[in-house]
Amino acid sequence: EPTVVVRVPESPTREDARDALRLLKDLVNDFPFPSDAHRSAWVAALLSVLARPAIDGPVPLTLVDANERGSGKSLLCDVIGVILSGRRLPRRTAPDEPAEWRKAMLAIAIAADPVILIDNVTRTLRSDALDTVLTGTEYRERALGRNKEVVAEVRTVFLATSNNATLSTDLVRRSIHVRLEAGEDPARRTGFRHPDLLGHVRDDRALYLAAALTVLRAHVVAGRPIVPLRPMGSYDAWSSVVRAAIVWAGWPDPADTQDGLRDSSEPERDDLEAV
């Protein structure tokens with residue numbers, strides 16, 4: 001049910017999209033992104049949930065990680081949640097065993113949550129079930145206590161947080177990366193533009209929601225012009241809706257952040273290169 005009134009221009013221009021992105025940039029200006037591409041990846045996560053019904057295919061995982069605890073990873077994710085729904089994002093922990101991952105993915109698919117945060121991953125993020133969900137639009141698994149398989153459509157957008165995360169090599173190509181690099185003891189920082197950031201977002205939620213929708217709509221109104229994008233495997237549909245809108249408006253490609261993930265992926269990659 002509607003919880004806020006949002007006004008989006010009928011025919012927004014590219015300049016309107018750029019103004020909207022500047023507004024979103026100012027909102028998260030206090031977060032220590034090491035590059036503009038990582039900020040683009042955060043915007044892509046927000047737009048992915050809004051544009052999900054228009055994406056005929058899977059959506060990549062957004063990994064939000066930092067070099068230190070207290071850098072604001074979960075807060076940055078909750079900003080997305082408050083813009084979208086007025087509430088913090090629903091959280092799950094990363095399961096320990098493959099069987100638990102399969103149960104979790106089935107439960108998420110059945111619940112049909114628009115977005116899920118796998119919070120505070122403390123070890124290598126690796127899961128065949130998650131790999132499957134991130135490259136498909138249906139998930140098939142035997143229901144607990146039953147012999148019958150359940151098939152559920154997967155429309156959920158996944159985010160994960162960690163400190164100095166390590167991903168399996170399979171997950172690297174299924175992810176984009178939001179990195180935060182704060183100085184020593186980031187939890188003690190002061191002087192923020194919005195000390196109560198989530199309260200500020202709740203008060204002006206319609207403004208930020210309209211900004212995100214304006215970026216998407218401006219690209220569509222312009223005829224969804226083709227922009228040069230690096231190939232990204234299973235995510236052509238997502239790229240044409242979300243990545244293209246961001247790059248068309250003049251921001252870096254969110255997929256550029258995969259390079260850092262690839263460089264820091266688990267030792268398995270080094271072993272394969274040696275072979």
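Hi everyone, and thanks for having me. With that method, the chain on the screen exposes about 13,300 Å², and carbon and sulfur atoms supply 47% of that area. Please keep in mind that this is a predicted model.

Let's begin with the whole chain. It contains 11 helices and seven strands. Its C-alpha atoms fill a box of roughly 50 × 45 × 40 Å along the principal axes. Why can we call the overall size that of a compact globule? A compact globule of 275 residues would have a radius of gyration near 19 Å, and this chain has 18 Å, so the two agree.

Now for the contacts. If we take contacts between residues at least 6 apart in sequence, 81% of them join residues at least 24 apart.

Next, let's go inside. Of the 275 residues, 49% count as buried. The largest nonpolar core has 88 residues. Which residues have the most contacts inside that core? They are Trp-42, Leu-76, Met-105, Phe-158, Leu-159, Trp-238 and Val-242. Helix 2, residues 36–51, gives the core its largest share, with nine residues. Leaving out residues up to four places away in sequence, Met-105 touches Ala-129, Leu-130, Val-133, Tyr-139 and Phe-158. You'll remember Phe-158 from the list of residues with the most contacts in the core.

Let me take you to a few single residues. Is Ala-94 buried or exposed? Its relative accessibility is 15%, and buried means under 20%, so Ala-94 counts as buried. You'll find Ala-94 in the loop between strand 2 (91–92) and helix 4 (98–111). Beyond residues up to four places away in sequence, Ala-94 touches Trp-101, Ile-118, Val-121 and Arg-123. Asp-196, on the other hand, is 102 residues from Ala-94 in sequence and 29 Å from it in space, C-alpha to C-alpha.

Glu-138 gives us another case. This residue is found in strand 4, residues 138–142. Its relative accessible area is 54%, and exposed means over 50%, so Glu-138 is exposed. Glu-138 still has partners: not counting residues up to four places away in sequence, it touches Val-151, Ala-152, Glu-153 and Val-154. The C-alpha atoms of Glu-138 and Trp-251 are separated by 32 Å, and these two residues are 113 residues apart along the chain.

Last, a word about backbone angles. Most residues other than glycine have a negative phi. Which residues here have a positive phi although they are not glycines? Asn-120 is one of them, at about 60°, and Arg-224 is another, at about 50°. Asn-120 is found in strand 3, residues 115–121, and is partly exposed, with a relative accessible area of 47%. Arg-224 has its place in the loop between helix 8 (205–221) and helix 9 (236–248). Arg-224 is also partly exposed, with a relative accessible area of 39%.

How values were computed:
Residues are numbered from 1 along each chain as its sequence is written. This is a predicted model: local features need pLDDT of at least 70, side-chain atom pairs count only at pLDDT 80 or more; totals for chains, interfaces and linings use all residues. Side-chain values use heavy atoms; hydrogens and water are left out. A nonpolar core is a set of buried Ala, Val, Leu, Ile, Met, Phe, Trp, Tyr and Cys residues joined through side-chain atoms within 4.5 Å. Buried means under 20% relative accessible area, exposed over 50%, partly exposed in between (1.4 Å probe, protein chains only). Helices (H or I, at least four residues) and strands (E, at least two) are DSSP runs, numbered from the N terminus. Contact means heavy atoms within 4.5 Å. The radius of gyration is taken over C-alpha atoms; the globule rule is 2.2 Å times the number of residues to the power 0.38. Accessible areas come from the Shrake-Rupley method with a 1.4 Å probe; for residues, only the protein chains shown count as cover.
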